[in-house]
Amino acid sequence: MKILTPGLRGSPVISYAGLLEKIEILRSTLRWAPTLARPEIEKLLRQANAVRDEVMQLSHKERFVEAAAAESVRVERTPGARRRALLERSFVFEGAFGDNPQLLEALEIAEKAAPTDLPVLIDGESGTGKELMAKVIHANGSRSDKPYISVNCGAIPDNLLESELFGHRKGAFTGAVSDRKGKFESAHTGTIFLDEIGELPLSGQVKLLRVLESHEIQRVGSDEPIAVDTRIVAATNRNLRRLSEEGRFREDLFYRLGVIHVTLPPLRERRDEIPLLFAFFGDEAAAALKRRPVRMTPRLREFLLRYPYPGNIRELRNIIYRISCLAGETADLQHLPADIRPDATQSAPANAAAALPAASDASAATAASISLSDAKRAASDEAERLFLERGLQQVGGTVAELARRCDMNRSHLQTLLKKHGIRSKDFRHRPPSRGDDGR
Ligand SMILES: Nc1ncnc2c1ncn2[C@@H]1O[C@H](COP(=O)(O)OP(=O)(O)OP(=O)(O)O)[C@@H](O)[C@H]1O
Ligand SMILES: [Mg+2]
């Protein structure tokens, strides 16, 4: 019986012709086999799995090529078109993203990197979505149905690091009562996410570098090398280049990990995404808390649109969950955490002038740096939002009616509502009956 060479997934060139040949060999093996013993069935199953993996790799490669081909026209495309193109290519992303060019850039890099096995280094401030991005890279790659193992390098005591990453043999040290697999072995054929890589001590860095070079690990207390096929995605909120200049992070490891570099912008640099995130987390919190999505008073909304979010998306998410839990139908400033709550008497008045940064405590930090054109745009956005909210209030949330009254195209009006994260349903007049689940 002709058996295919094992380890197909590592084969350098995958082509349709090669795949068809392998499928034919499998078919003729099955056709001519008088009987099949269990070990042979297992072997054939492994071969079938390998062929399936190759098909997946091939389809991901095609997407990669498509994405690369789209690159040449990208410069001319609007952010909206770039966003739609990502979604049309079935880009898997378990979150919300809008038209922010910096974020789109990061997502497009991730999309292209995903089908390859190249190491990816993600950096960004705390709470910007690095872990989410690592999962996105895994989910969009050919290993998506293989293990995804996350390791927080900053949370492992130095003396346990090697055993945690590479495993150990029974008796290798006190407490090693049995053989144990490490994270790299668990992630074999899949992806290992090395979070907070900047916290890895120098001794761990040397060992990691060796694995990257040899694709082999050794369990603590064993001389036997074990081959591991693991895609590496690392993340840090520190400046690894600076750390390596200071001698605190190995430069060779920095270059090895960062073949592809993805930088996630802080939320204050993608403020245009904030209304979208309000709606996203508002719905998520409503589902988790089994309630209607919370509404915000205009002054709370204004505050949150201008708040600097030092904890980035995580902080915004926590705030929305908090107000969804504490408020009734509508949340106001008093539902904010005490440490960020502005003095209600100083809160921004509900008019377009309030869009100026000096209008609230939260924006004071940016007041000095804002340009006139930014200020004008903010004021105009704010006027637009208030206009839409008041209009919807007057027509009881009926978009068609508001469009008619303002002599406006309905789909344009829908686009504007989406831009501001305004839900017409929130303005519907409803009796406070219990059975009403309209939003
Ligand atoms: N674009 C997004 N849409 C929806 N949710 C998001 C988005 N980006 C991040 N999040 C959510 O924000 C939270 C923080 O993200 P994540 O844990 O990935 O950040 P991080 O950069 O790894 O943070 P840290 O450096 O503190 O570990 C998570 O709940 C994540 O799901
Ligand atoms: Mg993280």
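Which of the 16 residues around ligand 1 come nearest? They are G95, S126, G129, K130 and E131; a residue counts as near if its C-beta atom, placed from the backbone, lies within 6 Å of the molecule. This is a predicted model: local features need pLDDT of at least 70, side-chain atom pairs count only at pLDDT 80 or more, and totals for chains, interfaces and linings use all residues. Residues are numbered from 1 along each chain as its sequence is written, while chains are lettered from A and ligands numbered from 1 in the order in which they are written.

**Ligand 1**
- Domain 2 (79-265) and domain 3 (268-427) both give residues to the shell, so ligand 1 lies between them; the bounds come from an automatic or database domain assignment.
- The shell has 5 nonpolar, 7 polar and 4 charged residues. Ala, Val, Leu, Ile, Met, Phe, Trp, Tyr, Cys and Pro count as nonpolar, Asp, Glu, Lys and Arg as charged, and the others, Gly among them, as polar.

**L121**
- L121 sits in strand β1 (residues 120-123); strands are DSSP E runs of at least two residues, numbered from the N terminus.
- L121 is buried, with 23 other C-beta atoms within 10 Å; the cut-off for buried is 20 or more, with C-beta atoms placed from the backbone.
- The C-alpha atoms of L121 and L257 are separated by 5.9 Å, yet these residues are 136 residues apart along the chain.
- Beyond four places in sequence, L121 is in contact with A234, L257, G258 and H261; contact means C-beta atoms, placed from the backbone, within 7 Å.

How values were computed
Helix = DSSP H or I, 4+ residues; strand = E, 2+ residues; numbered from the N terminus. Buried ≥ 20, exposed ≤ 12 C-beta atoms within 10 Å, placed from the backbone. Contact = placed C-beta atoms within 7 Å.
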